[in-house]
Every structure is written in structure tokens, then in C-alpha cells.
Amino acid sequence: MSAPVSTGRGRHKQLPDAVTSYVREQIMSGNLKPGEFLRMEPIAETVGVSITPVREGLLRLSNEGFVTAVPRRGFVVAEFTRQDVRDLFWAQAQLSGELAARAAERITDVQLQQLEEVMAQCDAAVSSGNTEAIGDLGHQFHRLINLAADSDRLARLLASIVKHLPNSFYASIESHVRTVTPEHHQMLDALTAHDAQRAREITEKHIVNSADYVVQMLEERGLWKDAE
């Protein structure tokens, strides 16, 4: 069977997405510094696209606050502070906490079994030191909770905030923060007991505490040379 042919519209939508992901990663890794002007040609060459998707991708990043459009000059990397990181995680914590509370009220036995299976795989990955698997399974664990909440609009709002940081950051959090696995077990216990308030509290704490880890990671990457 031949592979499905992508429509031109679908492909065009993906190209600016590739640009935003690449530039966002470069900014958050410290390779692009605040105040630095972005040249479209090297970005287009690296991502493998034309100038038009690059411009569209940078406009999206402008809307997200990562770059600033300067009339007749192009785009410049915007300031991104430690407080910005903490604000992003605070917003995530509020939405994720609400989703966890709703999940505790609505989760089915089948969904609980799925979470238990993922948690068992995560425990095995921790025992073997497989950090990549820990990160992937941690992401899957949170996704299952969000699906159990059965609140599509709220989940979409959360996704719009989560995308402000590269996926690799979240995988790193899930695989390296020592409190992650115990907190996942606590979340599972709260969901099993259908304790909405407990599920909310654990989830909010779990996510807010991750902010300091990301700030430290960005400091080590040289994002902030000078003290704020």
C-alpha cells in the first residue's frame, strides 16, 4: 500500500512549526542571546525551508514573546527571565491541577489500569537507569491523566502553555528530578481514591517545583550571563 500523500496546506502548516521549534530550542539552549538579531537565511537553510515559513514561524514566536519584531530590521531575541520560567510553570500547575482533580472524579478502572502499567514500566526504567524511557513514560503518565479529565478545551489551553518550552526540557525534568517518581505514585494513589483535592495539590506542587530545576538547567546552559 502506498503512503498517503500530504496536502500542500498540511505541509505548509508544518513548516512554520518546524521553524518555531528550532528557534525556540536555540533560544532556550542559550545559543541565541537576548538582543541578538535573527537572520532568516541561515535559519531557512538549517531547517530546510524557504524564507516564507521562517517569517511565519518568527511571527508566531513574536506572539509567544520569544522574539520581537523590529520595523524594517527584522526580528530580535526578546528578554527571557527566570521569573518568566516560573510564571510558565505556575500557569501549567494551575491548569494541570484542575485537570488532575477532574480526572480523579471521572477516571475509569480501565484508565487506572493503564496508569498503573505505565507507572510499573517507569519504576523498571528507574531501576535500570534508563533516563530516556523515564522521560517518555513520565510524559505518557501525564497525558493519560489529562485524557481521563475529559476536558478537551482545558487540555488545549494547557498545551498552548506547555509548548513555550522545548519538549526536551520536560523529558529532562521527568528523568532527572528525584521527586518525580514518588510524586507520580502519590498522584496515582489520589486518583485511585478518587480524591480530587489531593490530586490537585500533588499535581500543582509537582509542576511548580520543576521550575527551579529548569532555571538551574538554563543557567548552566548560559542563558543568563549576568544576574537579574
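Where in the protein is the place of glutamine 26? This residue sits in helix α1, which covers residues 8–28. Please keep in mind as you look around that this is a predicted model.

**Glutamine 26**

Is glutamine 26 buried or exposed? Its relative accessibility is 18%, so glutamine 26 counts as buried, because the cut-off for buried is under 20%. Leaving aside residues up to four places away in sequence, glutamine 26 touches Asn31 and Leu32.

**The protein as a whole**

Let us step back for a moment. The protein is built from 10 helices and 3 strands. Starting at the N terminus, the order of the elements is α-β-α-α-β-β-α-α-α-α-α-α-α. Of its 228 residues, 43% count as buried. The accessible surface of the protein is about 12,700 Å², and carbon and sulfur atoms account for 49% of that surface. Taking the contacts between residues at least 6 apart in sequence, 75% join residues that are at least 24 apart.

Helix α2 spans residues 40–47, and its buried residues are Met40, Ile43 and Ala44. Why do these residues lie on the same side of α2? They cover an arc of only 100 degrees around the axis, which is what places them on the same side. Turn to the other side of α2 and you will find Glu41 and Glu45, which are exposed. Just after α2 comes glycine 48, with a positive phi of about 85 degrees.

**Helices α5 and α6**

Now for a pair of helices that pack against each other. Helix α5 (residues 109–128) and helix α6 (residues 131–149) have their axes 9 Å apart, at an angle of about 165 degrees. Because angles over 145 degrees count as roughly antiparallel, α5 is roughly antiparallel to α6. Their crossing is left-handed.

|---|---|
| α5 | Gln111, Gln114, Leu115, Val118, Met119, Gln121, Cys122, Ala125 and Val126, meeting α6 |
| α6 | Ala133, Ile134, Leu137, Gln140, Phe141, Leu144, Ile145, Leu147 and Ala148, meeting α5 |

Methods:
Residues numbered from 1 in each chain as written. Predicted model: local features only at pLDDT ≥ 70, side-chain atom pairs only at ≥ 80, totals over all residues. Heavy atoms only, no water. Buried < 20%, exposed > 50% of the residue type's maximum accessible area, 1.4 Å probe, protein only. Helix = DSSP H or I, 4+ residues; strand = E, 2+ residues; numbered from the N terminus. Arc of directions from axis to C-beta. Contact = heavy atoms within 4.5 Å. Areas by Shrake-Rupley, 256 points an atom, 1.4 Å probe, with all protein chains shown as cover. Axes fitted to C-alpha atoms, helices over the stretch in contact; angles between N-to-C directions. Parallel < 35°, antiparallel > 145°, perpendicular 65-115°, else oblique. Left-handed = near helix turned anticlockwise from the far one by under 90°.
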